[in-house]
Amino acid sequence: MANKKIFFDGLPLVDGHFSGVGQYNLGILRGLDAILERDYLAGKQTPEIYVIIPRDRIPQFINFGFKHIRLKKFPLNFVTMSRLWRYNLLPPIDLLMGRGFYVFTRFVDMRLAFSKSSIVVYDLSYESHKEYAEDRNAKFLSEGVRRSLKRASRVFTISKNSKREVNKFYDFPSEKIAISTPAADQNYFYHRSDKEIVKVKQKYGIKKDYILSLSNLEPRKNLDTLVDAYCALPKSYRENVSLLLVGVSGWKTDALFQKIIELVKQGYDIVRPNEYISDQDKPAVLSGAKMLVYPSHYEGFGMPPLEALACGTPVITSDNSSIPEVVGDAGVMLDCKDVSGFTKTMKQYLDDSEKTEKRALVQGLERARHFNWEKSAQVYLDEILETMK
(Lines give C-alpha, C1' and ligand atoms only; values in the text may rest on other atoms or scores of the structure.)
Protein backbone atom coordinates (compact mmCIF):
# COMPACT_ATOMS: atom_id res chain seq x y z
CA MET A 1 0.00 0.00 0.00
CA ALA A 2 2.87 2.35 0.72
CA ASN A 3 3.64 2.73 -3.00
CA LYS A 4 0.06 3.44 -3.99
CA LYS A 5 -0.53 7.04 -4.95
CA ILE A 6 -3.85 8.89 -4.91
CA PHE A 7 -4.22 12.32 -6.52
CA PHE A 8 -7.03 14.80 -5.82
CA ASP A 9 -7.84 17.70 -8.12
CA GLY A 10 -7.35 20.64 -5.76
CA LEU A 11 -8.87 23.45 -7.84
CA PRO A 12 -12.00 23.81 -5.63
CA LEU A 13 -9.80 24.28 -2.56
CA VAL A 14 -8.04 27.34 -3.94
CA ASP A 15 -10.79 28.96 -5.98
CA GLY A 16 -11.45 32.63 -5.23
CA HIS A 17 -15.03 31.73 -4.27
CA PHE A 18 -14.83 28.94 -1.70
CA SER A 19 -18.04 27.16 -2.67
CA GLY A 20 -19.85 24.17 -1.21
CA VAL A 21 -17.72 21.95 -3.46
CA GLY A 22 -14.61 23.43 -1.89
CA GLN A 23 -16.00 22.93 1.62
CA TYR A 24 -16.84 19.31 0.83
CA ASN A 25 -13.40 18.52 -0.52
CA LEU A 26 -11.70 20.20 2.42
CA GLY A 27 -13.79 18.05 4.76
CA ILE A 28 -12.92 14.84 2.90
CA LEU A 29 -9.21 15.67 2.84
CA ARG A 30 -9.20 16.54 6.53
CA GLY A 31 -10.93 13.24 7.18
CA LEU A 32 -8.28 11.43 5.15
CA ASP A 33 -5.55 13.32 6.97
CA ALA A 34 -6.96 12.13 10.31
CA ILE A 35 -7.14 8.53 9.05
CA LEU A 36 -3.52 8.67 7.87
CA GLU A 37 -2.45 10.13 11.21
CA ARG A 38 -4.19 7.35 13.10
CA ASP A 39 -2.73 4.64 10.85
CA TYR A 40 0.72 6.22 10.99
CA LEU A 41 0.68 6.23 14.79
CA ALA A 42 -0.44 2.60 14.73
CA GLY A 43 2.52 1.69 12.50
CA LYS A 44 0.38 0.79 9.51
CA GLN A 45 1.39 1.31 5.90
CA THR A 46 -0.56 4.08 4.20
CA PRO A 47 -0.98 5.24 0.61
CA GLU A 48 0.51 8.53 -0.53
CA ILE A 49 -2.23 11.12 -1.01
CA TYR A 50 -1.48 14.21 -3.09
CA VAL A 51 -3.51 17.31 -3.96
CA ILE A 52 -2.77 18.94 -7.31
CA ILE A 53 -2.47 22.71 -6.87
CA PRO A 54 -1.64 25.35 -9.52
CA ARG A 55 1.67 27.06 -8.96
CA ASP A 56 0.21 30.43 -7.90
CA ARG A 57 -2.14 29.05 -5.23
CA ILE A 58 0.31 27.01 -3.16
CA PRO A 59 0.26 29.37 -0.12
CA GLN A 60 -3.52 28.97 0.12
CA PHE A 61 -3.16 25.20 0.21
CA ILE A 62 -0.37 25.30 2.80
CA ASN A 63 -2.62 27.35 5.10
CA PHE A 64 -4.93 24.35 5.52
CA GLY A 65 -2.21 22.75 7.63
CA PHE A 66 -2.45 19.12 6.53
CA LYS A 67 -0.04 16.71 8.25
CA HIS A 68 -0.03 13.80 5.82
CA ILE A 69 -1.76 15.11 2.68
CA ARG A 70 0.96 16.11 0.25
CA LEU A 71 1.19 18.91 -2.28
CA LYS A 72 1.74 18.32 -5.99
CA LYS A 73 2.51 21.55 -7.82
CA PHE A 74 0.98 21.96 -11.28
CA PRO A 75 3.18 24.09 -13.59
CA LEU A 76 0.37 26.46 -14.69
CA ASN A 77 -1.44 29.21 -12.80
CA PHE A 78 -5.00 28.81 -11.56
CA VAL A 79 -6.73 30.75 -14.33
CA THR A 80 -4.90 28.98 -17.15
CA MET A 81 -5.34 25.53 -15.63
CA SER A 82 -9.06 26.14 -15.05
CA ARG A 83 -9.65 27.36 -18.58
CA LEU A 84 -7.81 24.46 -20.17
CA TRP A 85 -9.77 22.05 -17.93
CA ARG A 86 -13.05 23.64 -18.93
CA TYR A 87 -12.31 23.29 -22.64
CA ASN A 88 -10.82 19.79 -22.26
CA LEU A 89 -7.46 21.02 -23.55
CA LEU A 90 -5.14 19.90 -20.75
CA PRO A 91 -2.62 17.25 -21.79
CA PRO A 92 -2.80 13.96 -19.89
CA ILE A 93 -1.91 15.19 -16.43
CA ASP A 94 -0.49 11.90 -15.17
CA LEU A 95 2.40 12.44 -17.58
CA LEU A 96 3.35 15.33 -15.27
CA MET A 97 2.01 14.22 -11.89
CA GLY A 98 2.73 10.49 -12.11
CA ARG A 99 0.85 7.22 -12.26
CA GLY A 100 -1.80 6.60 -9.63
CA PHE A 101 -5.53 6.90 -9.00
CA TYR A 102 -7.05 10.33 -9.72
CA VAL A 103 -10.10 11.87 -8.07
CA PHE A 104 -11.62 14.69 -10.11
CA THR A 105 -13.65 16.73 -7.67
CA ARG A 106 -15.73 19.02 -9.91
CA PHE A 107 -17.98 16.71 -11.94
CA VAL A 108 -15.70 16.71 -14.99
CA ASP A 109 -12.37 14.91 -15.33
CA MET A 110 -9.02 15.74 -16.91
CA ARG A 111 -7.37 13.51 -19.47
CA LEU A 112 -5.05 10.74 -18.30
CA ALA A 113 -2.59 8.56 -20.22
CA PHE A 114 -2.33 5.44 -18.08
CA SER A 115 -4.09 5.95 -14.73
CA LYS A 116 -7.51 5.07 -13.36
CA SER A 117 -9.83 7.78 -12.14
CA SER A 118 -13.12 8.72 -10.54
CA ILE A 119 -15.31 11.80 -10.67
CA VAL A 120 -17.43 13.37 -7.95
CA VAL A 121 -21.01 14.12 -9.06
CA TYR A 122 -22.83 16.08 -6.38
CA ASP A 123 -26.26 16.35 -7.99
CA LEU A 124 -27.98 16.32 -11.37
CA SER A 125 -29.72 19.69 -11.19
CA TYR A 126 -28.10 20.66 -14.50
CA GLU A 127 -29.96 17.74 -16.13
CA SER A 128 -33.18 17.38 -14.16
CA HIS A 129 -33.87 21.05 -13.38
CA LYS A 130 -32.41 22.96 -16.30
CA GLU A 131 -34.88 25.77 -15.71
CA TYR A 132 -33.03 26.66 -12.50
CA ALA A 133 -29.51 26.33 -13.89
CA GLU A 134 -27.21 28.83 -15.54
CA ASP A 135 -27.50 27.81 -19.21
CA ARG A 136 -23.83 27.75 -20.21
CA ASN A 137 -22.73 25.91 -17.09
CA ALA A 138 -25.52 23.33 -17.49
CA LYS A 139 -24.37 22.60 -21.03
CA PHE A 140 -20.74 22.28 -19.92
CA LEU A 141 -21.63 19.87 -17.11
CA SER A 142 -23.98 17.76 -19.21
CA GLU A 143 -21.38 17.24 -21.93
CA GLY A 144 -18.44 16.96 -19.54
CA VAL A 145 -19.99 14.43 -17.15
CA ARG A 146 -21.07 12.17 -20.02
CA ARG A 147 -17.54 12.22 -21.43
CA SER A 148 -15.97 11.69 -18.00
CA LEU A 149 -18.19 8.73 -17.12
CA LYS A 150 -16.84 6.83 -20.13
CA ARG A 151 -13.38 7.01 -18.55
CA ALA A 152 -14.26 6.71 -14.86
CA SER A 153 -13.67 3.57 -12.83
CA ARG A 154 -15.79 4.91 -9.98
CA VAL A 155 -18.21 7.71 -9.19
CA PHE A 156 -18.49 9.32 -5.79
CA THR A 157 -21.65 11.15 -4.84
CA ILE A 158 -23.15 12.62 -1.69
CA SER A 159 -26.60 11.10 -1.14
CA LYS A 160 -28.74 8.08 -1.93
CA ASN A 161 -30.91 10.27 -4.12
CA SER A 162 -27.94 11.43 -6.20
CA LYS A 163 -26.72 7.83 -6.55
CA ARG A 164 -30.12 6.76 -7.89
CA GLU A 165 -30.10 9.65 -10.34
CA VAL A 166 -26.59 8.95 -11.66
CA ASN A 167 -27.46 5.29 -12.09
CA LYS A 168 -30.78 5.96 -13.81
CA PHE A 169 -29.97 9.01 -15.93
CA TYR A 170 -26.55 7.91 -17.20
CA ASP A 171 -27.01 4.14 -16.90
CA PHE A 172 -23.82 4.00 -14.86
CA PRO A 173 -23.51 0.76 -12.82
CA SER A 174 -24.88 1.19 -9.31
CA GLU A 175 -22.13 -0.97 -7.81
CA LYS A 176 -19.54 1.51 -9.06
CA ILE A 177 -21.22 4.50 -7.38
CA ALA A 178 -20.16 5.19 -3.79
CA ILE A 179 -21.96 7.51 -1.37
CA SER A 180 -19.75 9.74 0.76
CA THR A 181 -21.89 12.32 2.53
CA PRO A 182 -20.84 15.76 3.72
CA ALA A 183 -20.77 16.45 7.44
CA ALA A 184 -20.93 19.37 9.83
CA ASP A 185 -17.85 19.33 12.05
CA GLN A 186 -19.29 19.66 15.54
CA ASN A 187 -16.02 21.03 16.83
CA TYR A 188 -16.95 24.07 14.73
CA PHE A 189 -20.71 23.95 14.17
CA TYR A 190 -22.20 24.10 17.66
CA HIS A 191 -24.54 26.45 19.48
CA ARG A 192 -22.63 29.62 20.22
CA SER A 193 -22.96 31.79 23.33
CA ASP A 194 -25.32 34.75 23.58
CA LYS A 195 -22.28 37.04 23.82
CA GLU A 196 -20.87 35.75 20.52
CA ILE A 197 -24.27 35.99 18.81
CA VAL A 198 -24.69 39.62 19.90
CA LYS A 199 -21.20 40.48 18.69
CA VAL A 200 -21.81 38.95 15.27
CA LYS A 201 -25.20 40.62 14.90
CA GLN A 202 -23.58 43.99 15.60
CA LYS A 203 -20.79 43.25 13.11
CA TYR A 204 -23.22 42.60 10.26
CA GLY A 205 -25.85 45.18 11.13
CA ILE A 206 -28.50 42.65 12.19
CA LYS A 207 -30.80 44.64 14.47
CA LYS A 208 -33.64 42.28 15.43
CA ASP A 209 -34.47 38.64 15.86
CA TYR A 210 -34.49 36.95 12.48
CA ILE A 211 -35.68 34.05 10.39
CA LEU A 212 -32.64 32.90 8.43
CA SER A 213 -32.20 31.94 4.80
CA LEU A 214 -28.73 30.57 4.08
CA SER A 215 -28.16 29.80 0.40
CA ASN A 216 -26.99 31.24 -2.88
CA LEU A 217 -29.60 33.52 -4.36
CA GLU A 218 -30.58 31.49 -7.41
CA PRO A 219 -33.88 30.04 -8.73
CA ARG A 220 -33.33 26.48 -7.45
CA LYS A 221 -33.28 27.72 -3.86
CA ASN A 222 -36.92 28.85 -4.20
CA LEU A 223 -36.57 32.07 -2.23
CA ASP A 224 -39.79 33.37 -3.80
CA THR A 225 -41.73 30.90 -1.65
CA LEU A 226 -39.80 31.93 1.46
CA VAL A 227 -40.37 35.63 0.83
CA ASP A 228 -44.10 35.08 0.20
CA ALA A 229 -44.41 32.90 3.32
CA TYR A 230 -42.67 35.47 5.50
CA CYS A 231 -44.78 38.34 4.15
CA ALA A 232 -47.94 36.33 4.93
CA LEU A 233 -47.08 36.28 8.64
CA PRO A 234 -49.28 38.59 10.73
CA LYS A 235 -47.83 42.08 11.03
CA SER A 236 -47.41 41.67 14.80
CA TYR A 237 -44.90 38.88 14.11
CA ARG A 238 -43.04 40.69 11.35
CA GLU A 239 -42.58 43.75 13.54
CA ASN A 240 -40.37 41.70 15.84
CA VAL A 241 -38.65 39.31 13.41
CA SER A 242 -36.78 40.11 10.18
CA LEU A 243 -36.22 37.82 7.24
CA LEU A 244 -32.43 37.67 6.84
CA LEU A 245 -31.14 36.53 3.43
CA VAL A 246 -27.53 35.31 3.65
CA GLY A 247 -25.75 34.12 0.52
CA VAL A 248 -24.03 35.29 -2.63
CA SER A 249 -26.03 36.40 -5.64
CA GLY A 250 -26.27 33.78 -8.36
CA TRP A 251 -28.10 33.83 -11.68
CA LYS A 252 -31.62 34.56 -12.93
CA THR A 253 -32.32 36.67 -9.84
CA ASP A 254 -33.40 40.01 -11.33
CA ALA A 255 -37.11 39.34 -10.77
CA LEU A 256 -36.50 38.22 -7.18
CA PHE A 257 -34.46 41.31 -6.32
CA GLN A 258 -37.07 43.60 -7.85
CA LYS A 259 -39.78 41.84 -5.86
CA ILE A 260 -37.83 42.26 -2.61
CA ILE A 261 -37.18 45.94 -3.32
CA GLU A 262 -40.90 46.56 -3.79
CA LEU A 263 -41.79 44.64 -0.63
CA VAL A 264 -39.22 46.57 1.42
CA LYS A 265 -40.76 49.81 0.14
CA GLN A 266 -44.08 48.52 1.45
CA GLY A 267 -42.57 48.04 4.91
CA TYR A 268 -41.67 44.36 4.96
CA ASP A 269 -38.46 43.78 6.92
CA ILE A 270 -36.42 41.71 4.43
CA VAL A 271 -32.71 42.37 4.90
CA ARG A 272 -29.29 41.22 3.82
CA PRO A 273 -26.12 41.57 5.96
CA ASN A 274 -24.07 44.70 5.41
CA GLU A 275 -21.16 42.55 4.18
CA TYR A 276 -20.35 38.97 3.19
CA ILE A 277 -20.60 36.68 6.22
CA SER A 278 -17.35 34.83 6.81
CA ASP A 279 -17.19 31.09 7.45
CA GLN A 280 -15.82 31.92 10.89
CA ASP A 281 -19.01 33.82 11.79
CA LYS A 282 -21.51 31.44 10.19
CA PRO A 283 -22.07 29.23 13.28
CA ALA A 284 -22.98 32.27 15.37
CA VAL A 285 -25.35 33.57 12.69
CA LEU A 286 -26.99 30.13 12.58
CA SER A 287 -27.13 29.93 16.38
CA GLY A 288 -28.79 33.34 16.64
CA ALA A 289 -31.60 32.57 14.20
CA LYS A 290 -35.12 31.84 15.41
CA MET A 291 -35.12 29.20 12.68
CA LEU A 292 -33.58 28.31 9.32
CA VAL A 293 -36.08 28.09 6.46
CA TYR A 294 -34.83 26.28 3.38
CA PRO A 295 -37.55 25.67 0.75
CA SER A 296 -35.27 24.46 -2.06
CA HIS A 297 -36.71 22.85 -5.18
CA TYR A 298 -33.86 20.33 -5.31
CA GLU A 299 -30.62 19.47 -3.50
CA GLY A 300 -27.80 17.00 -3.94
CA PHE A 301 -27.51 17.02 -0.16
CA GLY A 302 -28.41 20.26 1.65
CA MET A 303 -25.63 21.52 3.89
CA PRO A 304 -27.36 24.56 5.49
CA PRO A 305 -30.06 22.43 7.18
CA LEU A 306 -27.39 20.09 8.56
CA GLU A 307 -25.24 22.98 9.80
CA ALA A 308 -28.31 24.53 11.43
CA LEU A 309 -29.16 21.25 13.15
CA ALA A 310 -25.59 20.99 14.46
CA CYS A 311 -25.99 24.50 15.94
CA GLY A 312 -29.29 23.54 17.58
CA THR A 313 -31.33 25.83 15.32
CA PRO A 314 -34.89 24.80 14.36
CA VAL A 315 -35.23 23.87 10.67
CA ILE A 316 -38.11 24.09 8.21
CA THR A 317 -37.27 22.75 4.78
CA SER A 318 -38.52 20.98 1.66
CA ASP A 319 -39.40 17.30 1.48
CA ASN A 320 -37.82 16.61 -1.92
CA SER A 321 -34.65 15.11 -3.44
CA SER A 322 -32.00 14.32 -0.80
CA ILE A 323 -33.22 16.63 1.97
CA PRO A 324 -35.14 13.96 3.94
CA GLU A 325 -31.88 11.96 4.14
CA VAL A 326 -30.25 14.92 5.84
CA VAL A 327 -32.96 16.20 8.17
CA GLY A 328 -34.70 12.98 9.18
CA ASP A 329 -37.11 13.64 12.06
CA ALA A 330 -35.14 16.60 13.37
CA GLY A 331 -36.96 19.27 11.34
CA VAL A 332 -40.26 20.00 9.61
CA MET A 333 -40.40 19.19 5.89
CA LEU A 334 -43.02 20.55 3.50
CA ASP A 335 -43.83 20.62 -0.18
CA CYS A 336 -41.56 23.33 -1.60
CA LYS A 337 -44.54 25.15 -3.17
CA ASP A 338 -46.65 25.16 0.01
CA VAL A 339 -46.46 28.85 0.89
CA SER A 340 -49.23 28.65 3.47
CA GLY A 341 -47.60 25.61 5.05
CA PHE A 342 -44.32 27.48 5.50
CA THR A 343 -46.16 30.48 6.95
CA LYS A 344 -48.13 28.29 9.36
CA THR A 345 -45.01 26.43 10.56
CA MET A 346 -42.99 29.62 11.00
CA LYS A 347 -45.83 31.05 13.08
CA GLN A 348 -45.99 27.87 15.20
CA TYR A 349 -42.25 28.03 15.80
CA LEU A 350 -42.49 31.67 16.89
CA ASP A 351 -45.53 31.02 19.09
CA ASP A 352 -43.72 28.25 20.93
CA SER A 353 -40.19 29.59 20.57
CA GLU A 354 -38.70 28.38 23.85
CA LYS A 355 -39.97 24.81 23.51
CA THR A 356 -39.02 24.66 19.82
CA GLU A 357 -35.46 25.81 20.54
CA LYS A 358 -34.98 23.33 23.40
CA ARG A 359 -36.19 20.48 21.17
CA ALA A 360 -33.87 21.59 18.35
CA LEU A 361 -30.86 21.61 20.66
CA VAL A 362 -31.45 17.94 21.45
CA GLN A 363 -32.77 16.53 18.16
CA GLY A 364 -30.57 18.66 15.93
CA LEU A 365 -27.32 17.65 17.59
CA GLU A 366 -28.35 14.00 17.61
CA ARG A 367 -29.14 14.12 13.89
CA ALA A 368 -25.90 15.93 13.02
CA ARG A 369 -23.91 13.14 14.65
CA HIS A 370 -25.08 10.76 11.90
CA PHE A 371 -22.63 12.50 9.55
CA ASN A 372 -18.88 12.36 10.06
CA TRP A 373 -15.98 13.47 7.84
CA GLU A 374 -13.68 10.59 8.80
CA LYS A 375 -16.38 8.05 8.04
CA SER A 376 -17.02 9.71 4.67
CA ALA A 377 -13.29 9.89 3.91
CA GLN A 378 -12.97 6.20 4.67
CA VAL A 379 -15.44 5.52 1.84
CA TYR A 380 -13.03 7.18 -0.59
CA LEU A 381 -10.06 5.25 0.74
CA ASP A 382 -11.82 1.88 0.66
CA GLU A 383 -13.26 2.34 -2.84
CA ILE A 384 -10.01 3.63 -4.33
CA LEU A 385 -7.82 0.93 -2.82
CA GLU A 386 -10.25 -1.73 -4.00
CA THR A 387 -10.09 -0.32 -7.54
CA MET A 388 -6.27 -0.24 -7.43
CA LYS A 389 -5.93 -3.93 -6.56
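In this predicted model, strand β1 (residues 5-9) runs parallel to strand β4 (residues 101-104), and 3 bridges join them. Strands and helices here are DSSP runs numbered from the N terminus (strands E, at least two residues; helices H or I, at least four), and two strands count as paired if DSSP finds at least two bridges between them. Within this pair, Phe8 stands opposite Val103 in β4.

Both strands belong to an open sheet of 7 strands, ordered β3-β2-β1-β4-β5-β6-β7 with parallel pairing. Its edges are formed by β3 (70-74) and β7 (177-179), each of which pairs on one side only. From one strand to the next, the twist averages 25°, where axes are lines fitted to C-alpha atoms, for helices over the stretch in contact, and angles between N-to-C directions run from 0 to 180 degrees.

Helix α1 (residues 20-41) packs on the sheet and touches β1, β2 (48-54) and β5, its direction making about 150° with that of β2; contact means heavy atoms within 4.5 Å. Helix α17 (residues 373-387) also packs on the sheet, touching β1, β2, β4, β5, β6 (154-157) and β7, and its direction makes about 175° with that of β6.

Ser118 is located in strand β5 (residues 116-120). Because its relative accessibility is 0%, Ser118 counts as buried, a class defined as under 20% relative accessible area (1.4 Å probe, protein chains only). Residues up to four places away in sequence aside, Ser118 touches Phe101, Tyr102, Val103, Phe104, Ala152, Arg154 and Phe156.

Residues are numbered from 1 along each chain as its sequence is written, and side-chain values use heavy atoms, leaving out hydrogens and water. Local features need pLDDT of at least 70 and side-chain atom pairs count only at pLDDT 80 or more, whereas totals for chains, interfaces and linings use all residues.

Definitions and conventions. Buried < 20%, exposed > 50% of the residue type's maximum accessible area, 1.4 Å probe, protein only.
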